[in-house]
Amino acid sequence: MSDGFVRLYRRDWSPEQALRRVGSLAATGMVLGHPGTGRITALSADPETIGEQVELTRDDLLAAMAGLGEKQFTFQYWLTDDEDSDVICTLSRADDDVVVEEYGLDGLGGPIARTGQDKVIRRLLAEFRATGPAAAGLVVDRWGPSLDTDLDDIVTGGPTPVTVTPELLVLRPEVARRHPELRAPVPFGDFVACDTDGILALAR
C-alpha cells in the first residue's frame, strides 16, 4: 500500500468534459461500473460515514462530477482486467478556474512491482495530453511524500516553494520559471517537466 497519486489539473470543466473523461477512460479499461456487479459508487464525505460506498446511477455520478462546487467529490473507477482493483478519484478545485482530478495509486504495486501503477499512470498521461489547451499541470507521486506540500498552489502559479519534488511534476513554463529550485526541467509539449523516475517514457 502507498499514498501515491496522480493529479491532473485543468481549466474549462463542464458536463461535456466530465462525460468525455469518463468515456475516454472507459475506452482504456478504467470504468465506473464494477466489472462483476456493475455497481457505480461514490465514497461518503459525511463525518459519520466517511469512506463508505454510496451507490449511484451513472447519470447521478456524472451530474455530481459536472456540478462540482467548493466541496470535493470522491468516487471509484474499476479496472476491467482486474475486478479487485479500484482507482479512487477525488475531484476538487485548486481555485475558481482550475479543477483537480486526483487518482489514487494505492494497492496498484509496491516499491518493486510497479506494473499496476504504470498501467494507470500511462492512461492518465494520455488523458493529460488529450486535454489540450485546457490542461494546467500534472503531478505523479508514487508513494505520497509530497502530500504535505501545497501542490495546488505550486501548479496554479502561487508562491509555495517546491521542497519535496514528486517523481513527475509538469508545469506551465511561466510557472516553472518561478521555481529555480527545480532541477533539470525538460520540455513536454507546451509544458516543462521534472521527471526523476523516467515516467515520461510511459507517454510514448
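These are my notebook entries on a predicted model.

**Ground rules**

I number residues from 1 along each chain as its sequence is written, and side-chain values use heavy atoms, with hydrogens and water left out. Since this model is predicted, local features need pLDDT of at least 70 and side-chain atom pairs count only at pLDDT 80 or more, while totals for chains, interfaces and linings use all residues.

I took helices (H or I, at least four residues) and strands (E, at least two) as DSSP runs, numbered from the N terminus. I call a residue buried under 20% relative accessible area, exposed over 50%, and partly exposed in between (1.4 Å probe, protein chains only). Accessible areas come from the Shrake-Rupley method with a 1.4 Å probe; for residues, only the protein chains shown count as cover.

**Entry 1: cysteines**

How many disulfides does the structure hold? I found zero. The test was a pair of cysteine sulfur atoms within 2.5 Å. In general, a disulfide is a covalent bond between the sulfur atoms of two cysteines.

Cysteine 89 has a relative accessible area of 1%, so I noted it as buried. Cysteine 194 is buried too, at 5%.

**Entry 2: salt bridges**

How many salt bridges does the structure hold? I noted nine. Each is a side-chain nitrogen of Lys or Arg within 4 Å of a carboxyl oxygen of Asp or Glu.

I started with glutamate 102 and arginine 7, whose side chains meet in a salt bridge at 2.5 Å, N to O. This pair links distant parts of the chain: glutamate 102 sits in strand β7 (residues 99–104) and arginine 7 in strand β1 (residues 5–10), 95 residues apart. Glutamate 102 is partly exposed at 23%. Arginine 7 is buried at 11%.

Next came glutamate 101. Its salt bridge is with arginine 21, and the closest N and O atoms are 2.8 Å apart. Here strand β7, which holds glutamate 101, is linked to helix α1 (residues 15–27), which holds arginine 21; the two residues are 80 residues apart. Are glutamate 101 and arginine 21 buried or exposed? Glutamate 101 is buried, with 1% relative accessible area. Arginine 21 is buried as well, with 5%.

I moved on to arginine 39, which forms a salt bridge with glutamate 55; the closest N and O atoms are 3.1 Å apart. Arginine 39 is in the loop between β2 (30–31) and β3 (40–43) and glutamate 55 is in strand β4 (residues 53–56), so the pair ties together parts 16 residues apart in sequence. Arginine 39 is partly exposed at 31%, and glutamate 55 is exposed at 51%. I also logged a network: salt bridges that share partners join Arg114, Asp118, Arg142 and Asp197.

**Entry 3: a charged patch**

Which residues gather in a patch of negative charge on the surface? I listed Glu70, Asp95, Asp96 and Asp97. Patch residues have over 30% relative accessible area and no salt bridge; like charges are joined within 9 Å, and nonpolar side chains (Val, Leu, Ile, Met, Phe, Trp, Tyr) within 5 Å. Lys and Arg count as positive and Asp and Glu as negative; His and the chain ends are not counted. The place of a charge is NZ of Lys, CZ of Arg, CG of Asp or CD of Glu.

I checked one member further. Glutamate 70 is in the loop between α2 (58–66) and β5 (73–79). It is exposed, at 85% relative accessibility.

**Entry 4: positive phi**

Most residues other than glycine have a negative phi. I looked up two with a positive value. Aspartate 12 has phi near 60 degrees and lies in the loop between β1 and α1. Alanine 184 has phi near 50 degrees. Its place is the loop between α5 (173–176) and β10 (186–188). Alanine 184 is exposed, at 63%.

**Entry 5: C-alpha distances**

Glycine 51 lies in the loop between β3 and β4 and is partly exposed at 44%. Its C-alpha is 9.7 Å from that of phenylalanine 75, 24 residues apart along the chain.

Glutamine 117 belongs to helix α3 (residues 115–131). It is buried at 0%. I read 8.5 Å between the C-alpha atoms of glutamine 117 and glycine 107, ten residues apart along the chain.

Phenylalanine 191 is in strand β11 (residues 191–195) and is buried at 7%. The C-alpha atoms of phenylalanine 191 and threonine 156 are separated by 13 Å, with the residues 35 apart along the chain.
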